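Please keep the structure open as you read.

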Amino acid sequence: MNKLDAQRQKEIQQAEELLFAGPQALGFAKGLFRGHFVADWVMPYPRIPAAQQTELDETLTELRKFLDEHLHPAEIDRQADIPREVINGLGRIGVLGMTAPKEYGGRGFSQMANCKVLEEIGRRCASTSVFVNAHHSIGIRALLLFGTHEQNQKWLPKLVTGEQLGAFALTEKEAGSDAANVQMQARPSEDGSHFILNGEKRYITNAAIAHELTVMARTPVQGSDKTAITAFLVTPDMPGFEILEARMPKMGIRGTATGRFALRDVKVPKENILGPPGKGLKVALTVLDFGRTTFGACCTGAAKTCLELAVQHASTRKQFNKTLGEFELVKKKIARIAADAYAMEAMTTVTASFIDRGLEDYMLETAMLKVFTTERLWECINDVFQVHGGAAYMTDLPLERMMRDARINQIGEGANEVLTSFIALVGMRGPGMEFKEIYDTMMKPSREAMSKAWTAGKNRLSAAIRVPDVPVQSEQLLGHAQQLGRLIWRFNFAVNRALIMYREPILDMQLIQERIANAAMDLFASTCVLSRIDGEIQLAERNGDAASPDHSAADLFLCQSFRRIRGFLAGLTDNDDEAVIAAAKSCLTSLESGTTHTSGIQSLYATIR
Ligand SMILES: Cc1cc2nc3c(=O)[nH]c(=O)nc-3n(C[C@H](O)[C@H](O)[C@H](O)COP(=O)(O)OP(=O)(O)OC[C@H]3O[C@@H](n4cnc5c(N)ncnc54)[C@H](O)[C@@H]3O)c2cc1C
């Protein structure tokens with residue numbers, strides 16, 4: 001085995017340990033890659049129970065009133081600061097501890113209800129929604145998920161009210177997308193009572209205003225010369241904690257405090273370890289599942305604002321003696337924003353419901369939600385910007401700020417390229433393993449191998465001949481449901497073909513991975529949209545409403561999404577990939593000299609941001 005192969009095998013083994021621990025029920029996204037439609041994950045469309053809905057409605061009314069009176073997004077952007085009164089107000093309403101259990105002073109809301117709250121904030125001010133996300137969705141999430149009762153009792157009460165603030169610190173100079181490459185060291189003290197942390201973190205939201213930071217650092221693995229990442233609770237009053245830069249000047253979400261800090265011989269008691277020692281990456285991955293869900297909610301809110309602004313301007317601004325909305329090329333943009341906003345909300349709701357139902361293994365769906373909603377929001381903002389023409393460029397309108405603010409979404413909590421690769425690779429692993437069973441048995445037949453290969457072959461064959469059933473309740477949706485079923489079947493066929501054709505090299509073929517991931521994301525988005533329309537039609541029927549709800553934007557989404565899926569699948573065989581690689585190679589001379597090497601498996605690790 002050469003050095004590169006050995007490195008790859010090591011990476012595969014580490015990725016397997018990190019991502020595929022234990023037997024799990026087949027989730028929706030993994031089901032798609034096997035040609036299944038796991039209906040009970042996505043249908044019927046999830047609804048917040050009536051009692052919780054009342055509490056949520058009251059909270060939203062209070063929140064809207066507070067935000068109307070006290071939140072000034074343009075001022076926050078200009079001053080590059082969120083006033084403490086705003087933070088205090090959010091704390092009073094409960095936003096900063098929305099999903100924390102009531103016994104620690106939180107509101108005990110479900111993730112679905114929390115997403116509605118974040119949507120409302122994301123609708124108005126991205127700085128504020130990112131601040132809330134950094135504090136609640138990721139900052140104190142590790143405590144909520146992995147804290148012991150003692151840790152929670154000690155830390156949570158002040159954090160959930162906003163009296164104290166939280167942050168999540170993973171990124172370092174050498175550990176950006178490659179998060180597994182954390183260099184911050186945590187050495188155990190001789191008496192074992194504490195760890196001594198050394199290193200630097202950068203780009204950390206809330207770093208300089210937080211009272212508690214969840215910090216990822218590298219600890220020795222007992223009985224070996226290896227190290228692994230462990231999560232620690234660090235406070236800025238610990239000697240050796242130094243803020244290097246409190247507010248790094250930046251392009252968007254300027255109200256957030258993005259900072260750099262150093263830990264120099266900081267003694268952290270062993271009681272401050274969060275989750276199992278050496279399992280910090282797993283802790284981070286789990287935390288980010290929550291962060292990515294509220295990311296979807298914030299993007300949904302911002303997309304709804306885009307729609308409102310586009311409609312308002314297109315209905316009032318006249319050129320050529322017509323309102324802009326009378327021109328088809330403007331209509332097209334408005335229709336697309338409406339369609340995307342509907343889909344983003346549906347995807348966020350369905351994904352949040354996985355968390356609330358305690359389902360296992362929704363890592364792929366949260367990654368899909370993050371990539372899909374951030375990419376669509378970027379398009380929405382570009383469209384509403386264009387509809388406003390020169391006015392959008394002026395700082396008296398919110399559009400240039402919204403554009404600056406939205407750009408971070410495609411980079412933070414996992415760059416979209418990294419997550420795209422992750423979606424394809426993790427999704428393809430299931431069918432890939434089945435093909436491997438079959439291949440290995442053909443090469444080295446044995447009784448045990450034959451039985452495994454037989455099961456694997458049966459699974460692959462049945463997915464190849466059976467179009468999955470998409471069980472909608474409403475008769476008028478049967479056509480869409482059948483189309484979706486057929487596209488899942490075609491997707492499964494395309495995945496199988498890619499696996500058979502490219503085998504292991506597919507781990508590095510990101511252009512192929514991207515098409516497969518994009519098709520999977522649109523299949524998931526279409527499913528959520530179909531489920532939502534179905535739920536709304538059924539509700540209207542139950543309520544005896546005479547008129548059926550207007551689903552023109554949702555219908556458009558399905559048409560466009562189905563068309564995109566067909567395009568992605570066609571691109572697997574009809575593409576310019578060779579020309580793309582050749583042109584890039586001629587620019588990246590270092591690639592030719594072999595000094596740079598990309599690895600698909602590295603991307604798996606990278607997803608933890
Ligand atoms: C405003 C802001 C707030 C942040 N808040 C936090 C926080 O609170 N906590 C925290 O821990 N971190 C935070 N981050 C860090 C953020 O998560 C990282 O910036 C992000 O993970 C990307 O890492 P990087 O910037 O080092 O980019 P790099 O890793 O250098 O990547 C640069 C680009 O290279 C490409 N790329 C990288 N790897 C691959 C691959 N495998 N395949 C294909 N393309 C690839 C992508 O296009 C990527 O955008 C924040 C960043 C910003 C800008």
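Among contacts (heavy atoms within 4.5 Å) between residues at least 6 apart in sequence, 76% join residues at least 24 apart. This is a predicted model, in which local features need pLDDT of at least 70 and side-chain atom pairs count only at pLDDT 80 or more, while totals for chains, interfaces and linings use all residues. Residues are numbered from 1 along each chain as its sequence is written, and side-chain values use heavy atoms, with hydrogens and water left out.

The protein has 22 helices and 10 strands; these are DSSP runs numbered from the N terminus, with helices (H or I) of at least four residues and strands (E) of at least two. Its radius of gyration is 25 Å, close to the 25 Å that the globule rule gives for 609 residues, so the protein is as compact as a globular protein of that length. Here the radius is taken over C-alpha atoms, and the rule is 2.2 Å times the number of residues to the power 0.38. Along the principal axes, the C-alpha trace spans about 70 × 70 × 55 Å.

How much of the protein is buried? Of the 609 residues, 54% count as buried, meaning under 20% relative accessible area, with exposed set at over 50% and partly exposed in between (1.4 Å probe, protein chains only).

Now to the charges. Side chains of opposite charge can pair when their charged atoms come close. The structure holds 29 salt bridges, each a side-chain nitrogen of Lys or Arg within 4 Å of a carboxyl oxygen of Asp or Glu. One of them joins Glu174 and Lys173, whose closest N and O atoms are 4.0 Å apart. Glu174 is partly exposed, at 45% relative accessible area, and Lys173 is exposed, at 64%.

Arg532 forms a salt bridge with Glu345, the closest N and O atoms being 3.5 Å apart. Arg532 lies in helix H18 (residues 510-542) and Glu345 in helix H12 (residues 328-356), so this pair ties together parts that are 187 residues apart in sequence. Glu345 is buried, too.

Arg532 also pairs with Glu536, with the closest N and O atoms 2.9 Å apart. Both of these residues lie in helix H18, four residues apart, about one turn of the helix. Through shared partners, salt bridges join Lys116, Glu119, Lys304, Glu345, Arg532 and Glu536 into one network.
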